[in-house]
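The following exercises concern a single protein chain. Please work through each task with the sequence and the structure at hand before reading the solution.

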Amino acid sequence: MKKYLVIGNPVKHSLSPKLHNYWFKKNNIDAIYEKKLIKENDVEKLISEVRNKKLDGINVTVPFKQVVISYVDELSLEAKESQSVNTIFRKDNKILGHNTDISGFELAIRSKGYDIKNKKVFILGAGGVVPSIILGLKKMGVGKIFLSNRTHSKAIKLKEIFSDLEIIKWGEIAEFNMIINATSIGLNSNDEIKLNYSAIGSNKLFYDVIYNPKQTNFLVNAKKFGNQTENGKMMFIYQAHQSFTIWHKVMPKIDEETIKLLD
Ligand code: ATR
C-alpha cells in the first residue's frame, strides 16, 4: 500500500487527509494519506523516507514550504519561481519539489469566472503562500498588485523578488478591484482585520485564503457592504487535485460531493 503525508505545524486542522483518502476510495487506489505534526529537524528524515520508498509523497504546509527546498534534489519551475514547495515526490530516483498552490489559486479564480486581467489587486499579508498568489495573479494578467503587511520588512523582501509590487503601509488602503486576505487573521472566529468597509464601497471581490472557518469576519463584513466574496476552499481543492494527479496519474472528480465533503 502506498503512503502519503501532509507535514506541518500546526497540522491538525488540515483537511488534506479527508480529501485524498476520499479520492483513493473513489478511484480504487490502494493507498493511505495521513497528517503528521513535525518540527523543522524532522524534515530531512521524512524526505529520506520518500527516497527509500517508505513514503510515496508528501504535501507540505505552514511553516515548512521554504525549508524543504534544501532537502529535495530538483525543483519544478513553479517551485523555483515561488521558492515554495507543497508537493514532494520521487521521479527516476530523484526527489522533486513542486508547487501546486499557484495553479490551485489560478483555477479557483478562473472557475469562479472572475477576470483578473488589468485589475488592481490588494494583498494583505506576506507569509508563505503570498509568492504563489502573486505568480498566479501575474499568470492571469493582473494590472497592478498592492501589498501590505504588519511587518514592513517582509513586504520589502517580496518587493525584492517582485519589483513591480507597490507596498502600502499597514493600516492604509490601496484602491482595488479585488482584495485578498493572506494573513492568518480570521482563523479564530473573533479575529478582525481593521478595515474601513464603508470607505471601500461595494462591488469588489473579497477573497480569503482561509477556508476553515468558512466565513471569516473579513468576508461577513464585505458581504454586508455589497461585495462579492470567496473563501480559500476551491484553491485548497485544486491544489490537492494537482498533487493527486501528479502522484497517481489519475484526475479525480471535483463534484458537489467533493466540495460538500469539506464543509
Ligand atoms: P509565515 O509568515 O510563517 O509564512 P503565515 O501564516 O503564512 O506564516 O503568515 C502569516 C501572515 O499573517 C503574515 O503576513 C503575518 O504578518 P507578520 O509578517 O507581520 O507576522 C500576518 N499576521 C498574523 N497575525 C497578524 C495580526 N494579528 N495582525 C496583522 N498581521 C498578522
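**Exercise 1.** Determine whether D263 is buried or exposed, and identify its salt-bridge partner.

*Solution.* Step 1: D263 has a relative accessible area of 51% and is therefore exposed, where buried means under 20% relative accessible area, exposed over 50%, and partly exposed in between (1.4 Å probe, protein chains only). The model is a predicted one, in which local features need pLDDT of at least 70 and side-chain atom pairs count only at pLDDT 80 or more, while totals for chains, interfaces and linings use all residues. Residues are numbered from 1 along each chain as its sequence is written, and side-chain values use heavy atoms, with hydrogens and water left out.

Step 2: The side chain of D263 meets that of K214 in a salt bridge of 3.9 Å, N to O; the term denotes a side-chain nitrogen of Lys or Arg within 4 Å of a carboxyl oxygen of Asp or Glu. The two residues lie 49 positions apart, with K214 in the loop between β11 (205-208) and α8 (217-224) and D263 in the segment after α10. Helices (H or I, at least four residues) and strands (E, at least two) are DSSP runs, numbered from the N terminus.

Step 3: K214 is partly exposed, because its relative accessibility is 44%.

**Exercise 2.** State which residue forms a salt bridge with K26, and where both partners lie.

*Solution.* Step 1: The partner is E257, with the closest N and O atoms 3.5 Å apart. Step 2: K26 belongs to helix α1 (residues 16-26) and E257 to helix α10 (residues 256-261), so that 231 residues separate these distant parts of the chain. Step 3: Both are partly exposed, K26 at 48% relative accessibility and E257 at 43%. Step 4: In total, the count is 15 salt bridges.

**Exercise 3.** Explain why helix α5 is described as largely enclosed by the rest of the structure.

*Solution.* Step 1: The description holds because eight of the 10 residues of α5 (residues 130-139) are buried. Step 2: The buried residues are V130, P131, S132, I133, I134, L135, G136 and L137. Step 3: They pack against several elements, including α4 (101-111), β7 (120-124) and β8 (144-148). Step 4: K138, also in α5, is partly exposed at 33% relative accessibility, and its side chain meets that of D164 in a salt bridge of 2.8 Å, N to O. Step 5: Just after the helix, G141 takes a positive phi of about 80 degrees.

**Exercise 4.** Describe the interface of domain 1 and domain 2.

*Solution.* Step 1: Domain 1 comprises 2-99 + 235-261 and domain 2 comprises 102-231, with bounds from an automatic or database domain assignment. Step 2: Contact, meaning heavy atoms within 4.5 Å, involves 13 residues of domain 1 and 15 residues of domain 2. Step 3: The area buried between the domains is about 1,300 Å², of which carbon and sulfur atoms give 63%; buried area is the accessible area (1.4 Å probe) that two parts lose on being put together, summed over both. Step 4: On the side of domain 1 that touches domain 2, α3 (77-82) and α9 (233-248) are the elements that give two or more residues, and α9 gives the most, with five. Step 5: The count of salt bridges between the two domains is zero.
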